[in-house]
Amino acid sequence: MDALPEVSFNYWIEIGIAACAVFGAFIYKFMTKFEFKDKKFLTDVWSVHGNIHESLTELRVMTDAARVQVVQFHNGEYFMDGVSMRKMSCTHESLSKGVSAQADKINGLLISLFTPLIEDVTKNSPVPYLVKNQKDSFGKHAFEAANIHCYCVLPVRHKNAICGYLMTQWCNPNKAKAVMADPEKYVKEVTDTRNEIEVYLDEQSRTK
């Protein structure tokens, strides 16, 4: 009489063990897949940023520049009338030895403070600009504080919209003089690097 309950009890124990094994296998597979995707995402993002920095460094070396930066535009907070603040931040920077970093200073700055620079960006011309010839502005004073004597700037686009810019800076007056004397010398290098940056940023958007 006691055999039947014992068989039933053992049967349900075995069913429970099997169910736990199946559930555990499912959880393991799910977590492994999630971890793989997470690692792949981080690897892809790291690869994009690594490629961008490598391109900037190559451009800096080829042009004998002091700094090369990628600055990207973004939304900030909102004004009282509800209009979004347009801001910009330096996301990538390559520096020559002994040159001070500026990426930490170009963080969430209002684009409206750099109107002359933005005008240069929209010209889409890789010719150099001499800082001392610019009109007095917040942007000019910021350039002088960073010891920039001349610079080249090109827009960086994503889906045909300007999302930032690539800037090459010379901080030595003699080097700046040589750049201004032969403004066409680095046109190809600067333009090619801008095109590479656009490709890398497009890759970044696809990894989201």
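## Overall make-up

Helices (H or I runs of at least four residues) and strands (E runs of at least two) are taken here from DSSP and numbered from the N terminus. By that rule the protein chain has five helices and six strands, and from the N terminus on its elements follow the order α-β-β-β-α-β-α-β-β-α-α. This is a predicted model, in which local features need pLDDT of at least 70 and side-chain atom pairs count only at pLDDT 80 or more, while totals for chains, interfaces and linings use all residues. Residues are numbered from 1 along each chain as its sequence is written, and side-chain values use heavy atoms, with hydrogens and water left out.

A residue is called buried when its relative accessible area is under 20%, exposed when it is over 50%, and partly exposed in between, using a 1.4 Å probe and protein chains only. Of the 208 residues of the protein chain, 34% count as buried. Taking a contact to mean heavy atoms within 4.5 Å, 58% of the contacts between residues at least 6 apart in sequence join residues that are at least 24 apart.

Strand β2 covers residues 84-95, and because nine of its 12 residues are buried, the strand is largely enclosed by the rest of the structure.

## The nonpolar cores

A nonpolar core is a set of buried Ala, Val, Leu, Ile, Met, Phe, Trp, Tyr and Cys residues joined through side-chain atoms within 4.5 Å. The largest one has 21 residues, and those with the most contacts inside it are Ile52, Leu56, Leu166, Trp170 and Ile197. At least two residues of this core come from each of α1 (3-63), β1, β5 (150-158), β6 (161-170), α4 (173-181) and α5 (187-206). Leaving aside residues up to four places away in sequence, Leu166 touches residues including Leu56, Val68, Val70, Cys152, Val190 and Arg194.

## One face of helix α3

In helix α3 (residues 138-145) the buried residues are Gly139, Lys140 and Phe143. Seen down the helix axis, they fall within an arc of 100° (taken from the directions from the axis to the C-beta atoms), so they line one face of the helix. Their cover includes α2 (115-123), β5 and β6. After α3 comes Asn147, whose phi is positive, near 65°.

For Cys150, the nearest cysteine sulfur is that of Cys152, 6.8 Å away; Cys150 itself is buried, at 0% relative accessibility. For Cys171, the nearest cysteine sulfur is that of Cys150, 9.0 Å away, and Cys171 is buried as well, with a relative accessible area of 11%.

Note on methods
A disulfide is a pair of cysteine sulfur atoms within 2.5 Å.
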